[in-house]
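Work through the exercises below with the model open beside you. Try each task before reading its solution.

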Amino acid sequence: MPANKDFFLLKSKLTKVTQQEVLAAARTVVRSAPLFRPSMPSGQSFNYSMTNCGDLGWVADRSGYRYQQYHPETRKRFPPMPQVIRELAISLAKETGNDDFYPESCLINLYRKGEKLGLHQDNTEENKNAPIISISLGDSGIFILGGLMRTDETKQYIVQSGDIIVMGGESRNFFHAFKGTVPNTSNLLKDGGRLNLTIRQVN
Ligand SMILES: O=C(O)CCC(=O)C(=O)O
Ligand SMILES: [Mn+2]
């Protein structure tokens, strides 16, 4: 079993109203920073779409993974992080024992039916101590958490709309994955799918 130190899955943390507010904020972001589907350094396309808001956005291409200020396709600055997302992240960080969290980046992933993200560590960030806060909206999905080694045993969690994951302390650097959605489990997103917002302090 992985050591679940400082890993939190806060079930049904957001009310329906807050979920709607966060969704509306995410939609505003997508209007100025459209979802894109980058390529991994190997050249293989990502399996799902993404965009960002905040001071920095996480991007990928042939030259690697990095944070940058501008959208890779429009070349415009990523929009500022909406207040509802920023304040939520700060309050969730505080609640889980992280007082000085600065939400520098919010990555928005959209997973349609069958789309997934393989086992990885979040290691593009300079700061490997600040917690990673993640908000699930829309269809339920299967989140996998391992340990510090890729070969560590993993545990499976169902994440539902309004659930929050905080990876803090040692779990900040644990391997994790998203195995896919469970279609038709939420009507929050009118076309179905799952939106996951990952808020990070990069530096
Ligand atoms: O969608 C998720 O639950 C995880 C997303 C993630 O791990 C990432 O984007 O790095
Ligand atoms: Mn990750």
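Two strands pair if DSSP finds at least two bridges between them. Helices (H or I, at least four residues) and strands (E, at least two) are DSSP runs, numbered from the N terminus. This is a predicted model: local features need pLDDT of at least 70, side-chain atom pairs count only at pLDDT 80 or more, and totals for chains, interfaces and linings use all residues. Residues are numbered from 1 along each chain as its sequence is written, with chains lettered from A and ligands numbered from 1 in the order in which they are written.

**Exercise 1. Describe the pairing of β3 and β4.**

Step 1. Find β3 at residues 57-61; it pairs with β4 in the antiparallel sense, over 5 bridges.
Step 2. Pick one bridge: Trp 58 has Tyr 67 of β4 as its partner.
Step 3. Look at the connection. The two strands, β3 and β4, form a hairpin with 2 residues between them.

**Exercise 2. List the elements of the protein in order and state its overall dimensions.**

Step 1. Count the elements: 2 helices and 12 strands.
Step 2. Read from the N terminus: β-α-β-β-β-α-β-β-β-β-β-β-β-β.
Step 3. Take the spans. The C-alpha trace covers about 45 × 40 × 35 Å along its principal axes.
Step 4. For 203 residues a compact globule would have a radius near 17 Å; the protein has 16 Å, which agrees.
Step 5. Check the contacts (C-beta atoms, placed from the backbone, within 7 Å). Among contacts with a separation of 6 or more, 76% join residues 24 or more positions apart.

**Exercise 3. Which residues point each way from β12, and are they buried or exposed?**

Step 1. Set the cut-offs. A residue is buried if 20 or more other C-beta atoms, placed from the backbone, lie within 10 Å of its own, exposed if 12 or fewer, and partly exposed in between.
Step 2. Recall the rule: in a regular strand the side chains alternate between the two faces of the sheet.
Step 3. Apply it. Arg 194, Asn 196, Thr 198 and Arg 200 point one way, Leu 195, Leu 197 and Ile 199 the other, and all are buried. In the whole protein, 39% of the 203 residues count as buried.
Step 4. Find the partners of β12. With β5 it pairs antiparallel over 7 bridges; Leu 107 is bridged to Thr 198. Strand β7 (residues 132-138) also runs antiparallel to β12, with 6 bridges; Ile 133 is bridged to Ile 199.

**Exercise 4. Which residues surround ligand 1?**

Step 1. Use the cut-off: a residue is near a molecule if its C-beta atom, placed from the backbone, lies within 6 Å of it.
Step 2. Collect the shell: Leu 107, Asn 109, Leu 117, Asp 122, Ser 134, Phe 143, His 176, Phe 178, Asn 196 and Thr 198.
Step 3. Trace the strands. β5 (105-111), β11 (176-182) and β12 (194-200) each supply at least two residues.
Step 4. Sort by class. Ala, Val, Leu, Ile, Met, Phe, Trp, Tyr, Cys and Pro count as nonpolar, Asp, Glu, Lys and Arg as charged, and the others, Gly among them, as polar. The shell has 4 nonpolar, 5 polar and 1 charged residues.

**Exercise 5. Where do Ser 12 and Arg 75 lie?**

Step 1. Ser 12 sits in the loop between β1 (7-10) and α1 (16-32). Its phi is positive, about 50°, although it is not a glycine.
Step 2. Ser 12 is exposed because it has 10 C-beta neighbours inside 10 Å.
Step 3. Arg 75 sits in the loop between β4 (64-68) and α2 (83-95). Its phi is about 65°, again positive in a residue that is not a glycine.
Step 4. Arg 75 has 7 other C-beta atoms within 10 Å, so it is exposed.

Conventions. Rg over C-alpha atoms; globule rule 2.2 N^0.38 Å. Contact = placed C-beta atoms within 7 Å.
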